[in-house]
Amino acid sequence: SRGKVALVSGDVRKLGDAASLADQAVKALGGIDVLVNNAGGLVKSVKLADYSDAVFDEVVNLNIRSILAVTRAALPSLKASKAPSIINIGSISAKTPRPNNIAYASSKFGMQGMTAALALDGREFGITASILHPGATITELMPGMADRGPRDAMKAEEIAAIANLMACLPDETNLIEALAFPIGQPFLGRG
């Protein structure tokens with residue numbers, strides 16, 4: 001059943017920690033039915049001419065490579081599940097980037113492509129893969145977001161509820177992509 005949850009954490013920037021995270025989840029639950037990859041990070045707004053390769057690599061490694069490593073480590077357990085699902089937490093920036101945020105937007109767009117590829121590669125094992133793109137969400141990454149009202153910023157719990165909804169779809173169904181943002185947040189033409 002999909003009734004048990006284990007929250008495991010680690011520094012996914014250290015690719016060797018990926019196997020440890022999967023092992024922690026398997027020990028806590030006896031297996032992994034649903035994997036939610038919620039790693040992410042960004043840097044301050046930086047103009048394209050000022051981006052260093054090191055900063056770009058840091059953001060891409062965190063937002064794409066780490067998710068691939070954790071997914072690969074969880075794959076044996078997912079293959080053994082009766083209804084395995086992978087849900088990646090992306091960002092609205094994959095759809096409508098903010099100015100001066102090329103590394104973050106590129107990495108989240110890359111995550112979207114990776115999710116589609118995972119959905120294709122997982123079919124033979126019955127593994128679904130989905131991506132949830134949240135808009136303005138109250139997190140440590142965005143100082144001042146908590147000062148916004150509920151029409152302008154979502155709580156992390158609201159994103160978790162949407163991910164749960166995606167995980168609880170019938171086994172034969174996959175909601176491959178979802179966008180969620182507070183009703184007060186501009187989507188097209190945002191800045």
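Student: Which residues does Lys-155 touch, not counting residues up to four places away in sequence?
Tutor: Lys-155 touches Thr-137 and Ile-138 when those sequence neighbours, up to four places away, are not counted. Please keep in mind that this is a predicted model.

Student: Where is Lys-155 found?
Tutor: Lys-155 is in the loop between β3 and α4, the latter covering residues 156-167.

Student: And how are Lys-155 and Val-60 separated?
Tutor: Their C-alpha atoms are separated by 25 Å, and the two residues are 95 residues apart along the chain.

Student: Is Ala-105 buried or exposed?
Tutor: Ala-105 has 10% relative accessibility, so it counts as buried, the cut-off being under 20%. Leaving aside neighbours within four places in sequence, Ala-105 is in contact with Ser-93, Ala-94 and Pro-97.

Student: Let us turn to helix packing. How do α2 and α3 lie relative to each other?
Tutor: The axes of α2 and α3 come within 8 Å and cross at roughly 20°. The two helices are therefore roughly parallel to each other, since angles under 35 degrees count as such. The crossing of α2 past α3 is right-handed.

Student: Which residues in α2 and α3 meet?
Tutor: From α2, the residues include Phe-56, Val-59, Val-60 and Asn-63, and from α3 they include Ile-102, Ala-103, Tyr-104 and Met-114. The residues of this contact divide into 12 nonpolar, five polar and one charged.

Student: At what angle do α1 and α2 pack?
Tutor: α1 and α2 pack at about 40°, and their axes are 8 Å apart. Here too the crossing is right-handed, with α1 passing α2. Ala-18, Ala-19, Leu-21, Ala-22 and Val-26 in α1 meet Ala-69, Val-70, Ala-73, Ala-74 and Ser-77 in α2. This contact consists of nine nonpolar residues, one polar and no charged.

Student: How many residues are in the largest nonpolar core?
Tutor: The largest nonpolar core has 23 residues. Those with the most contacts inside it are Val-12, Ile-32, Leu-35, Val-70, Ala-74, Leu-78 and Met-114. At least two residues of this core come from each of α1 (17-29), α2 (53-80), α3 (102-122) and β3 (128-134).

Student: Which element supplies the largest share of this core?
Tutor: α2 does, with seven residues. There is also a second, separate core of 10 residues, including Ile-87, Ile-159, Ala-163 and Ala-167. In soluble globular proteins, nonpolar side chains tend to be buried together.

Student: Going back to Val-12, what is it in contact with?
Tutor: Apart from neighbours within four places in sequence, Val-12 is in contact with Leu-21, Ala-39, Leu-62, Ser-66 and Val-70.

Student: Asn-88 next: buried or exposed?
Tutor: Asn-88 is buried, at 0% relative accessibility. It lies in strand β2, residues 85-89. Not counting residues up to four places away in sequence, Asn-88 touches Asn-37, Ile-67, Met-111, Thr-115, Leu-118, Ser-130, Ile-131 and Leu-132.

Student: Last one: what is the phi of Asn-100?
Tutor: Asn-100 has a positive phi of about 60° although it is not a glycine. Most residues other than glycine have a negative phi. Asn-100 is placed in the loop between β2 and α3, and it is partly exposed, with a relative accessible area of 32%.

Methods. Residues numbered from 1 in each chain as written. Predicted model: local features only at pLDDT ≥ 70, side-chain atom pairs only at ≥ 80, totals over all residues. Heavy atoms only, no water. Core = buried A, V, L, I, M, F, W, Y, C linked by side-chain atoms within 4.5 Å. Buried < 20%, exposed > 50% of the residue type's maximum accessible area, 1.4 Å probe, protein only. Helix = DSSP H or I, 4+ residues; strand = E, 2+ residues; numbered from the N terminus. Contact = heavy atoms within 4.5 Å. Axes fitted to C-alpha atoms, helices over the stretch in contact; angles between N-to-C directions. Parallel < 35°, antiparallel > 145°, perpendicular 65-115°, else oblique. Left-handed = near helix turned anticlockwise from the far one by under 90°. Nonpolar A, V, L, I, M, F, W, Y, C, P; charged D, E, K, R; others polar.
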